[in-house]
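Here is a short report on one protein chain. Look at the sequence and the structure first, then read on.

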Amino acid sequence: MRRTGTTRRGALTATGALALGAVLTGCGGDDEGAGGKKPARAATAKAEKALREKAVRDGALLLARYDLVAEAHPATAAGLVPLRAAVAEHGKALAPPRAKGEPKGDKAPPAPAGPVSADPKAAVRELAAAERRRADAHTEALLTAGPELARLLASVAAAAAAHAYLLTELAEETAV
């Protein structure tokens with residue numbers, strides 16, 4: 001004959017099912033119904049957009065700097081072309097997503113401040129220093145970026161550090 005009523009096994013099963021249901025409910029992705037979560041998400045999105053816009057502006061300045069150095073010192077242009085292309089791709093990847101109906105923001109890149117050094121080695125070293133500053137800025141931005149943007153910024157920061165190294169080597173190889 002089977003025992004009726006609550007058994008230890010039944011109570012543990014029910015408790016486990018309730019706990020699992022609570023955990024799964026807490027892991028849900030819909031924050032709109034939760035109090036206070038929607039404004040926090042909007043603030044995070046706004047901060048992320050500002051980070052992306054700053055990164056794109058800084059990249060546009062660096063691209064213009066690459067162009068000035070290549071124009072002033074044609075002997076360095078061949079070494080600068082692949083690095084410049086990578087910086088352009090980073091700008092595309094970092095660009096904030098556009099909202100529906102938002103016009104495409106293809107503005108002319110701002111002109112970099114200051115003239116290019118007359119010495120090709122010094123000009124390439126200045127580019128290396130700009131890439132180092134870019135790597136440092138992206139690394140610092142990791143602290144406030146969301147997970148997906150942080151991964152992208154880390155990747156771009158690593159690439160900028162590699163560019164700085166390659167530009168330093170190119171400066172050493174450049175004839176005066």
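## A buried threonine

Thr76 counts as buried because its relative accessibility is 2%. Buried means under 20% relative accessible area, exposed over 50%, and partly exposed in between, with a 1.4 Å probe and protein chains only. Thr76 sits in helix α3, residues 74–94. Helices are DSSP runs of H or I with at least four residues, strands are runs of E with at least two, and both are numbered from the N terminus.

What does Thr76 contact, leaving aside its neighbours within four places in sequence? The list is Val69, Ala70, Pro120, Val124, Leu170 and Thr174. Contact means heavy atoms within 4.5 Å. Thr76 and Ala123 are 47 residues apart in sequence, and their C-alpha atoms are 9.5 Å apart in space.

## The model and the whole chain

This is a predicted model: local features need pLDDT of at least 70, side-chain atom pairs count only at pLDDT 80 or more, and totals for chains, interfaces and linings use all residues. Residues are numbered from 1 along each chain as its sequence is written, and side-chain values use heavy atoms, with hydrogens and water left out.

The protein chain has 5 helices and 0 strands. From the N terminus on, its elements run α-α-α-α-α. The chain has 176 residues, and 26% of them are buried. Take the contacts between residues at least 6 apart in sequence: 77% join residues at least 24 apart. The accessible surface is about 11800 Å², and carbon and sulfur atoms account for 60% of it. Such areas come from the Shrake-Rupley method with a 1.4 Å probe, and for residues only the protein chains shown count as cover.

Helix α4 has 22 residues. From first C-alpha to last it reaches 32 Å, close to the 32 Å expected at 1.5 Å a residue. The expected span is 1.5 Å times one less than the number of residues. Helix α5 covers residues 147–173, and its 27 residues should span 39 Å. Its end C-alpha atoms are 39 Å apart, which agrees.

Two packed helices are described by the angle between their axes and the distance between the axes. Helices α4 (residues 120–141) and α5 pack at about 165°, with axes 8 Å apart. Axes are lines fitted to C-alpha atoms, for helices over the stretch in contact, and angles run from 0 to 180 degrees between N-to-C directions. The two helices, α4 and α5, are therefore roughly antiparallel. Angles over 145 degrees count as roughly antiparallel, under 35 as roughly parallel, 65 to 115 as roughly perpendicular, and the rest as oblique.

Which residues are buried in α5? Among them are Leu153, Val156, Ala160, His163 and Leu167. In α4, the buried residues include Val124, Leu127, Glu131 and His138.

## Helices α3 and α4

The axes of α3 and α4 come within 13 Å and cross at roughly 20°. That makes α3 roughly parallel to α4. From α3, Thr76, Leu80, Val87, His90 and Leu94 take part. They meet Pro120, Val124, Leu127, Glu131, Arg134 and His138 in α4.

## A buried arginine

Arg134 lies in helix α4. Is Arg134 buried or exposed? It counts as buried, because its relative accessibility is 7%. Not counting residues up to four places away in sequence, Arg134 touches Leu62, Val87, His90, Val156 and Ala160.
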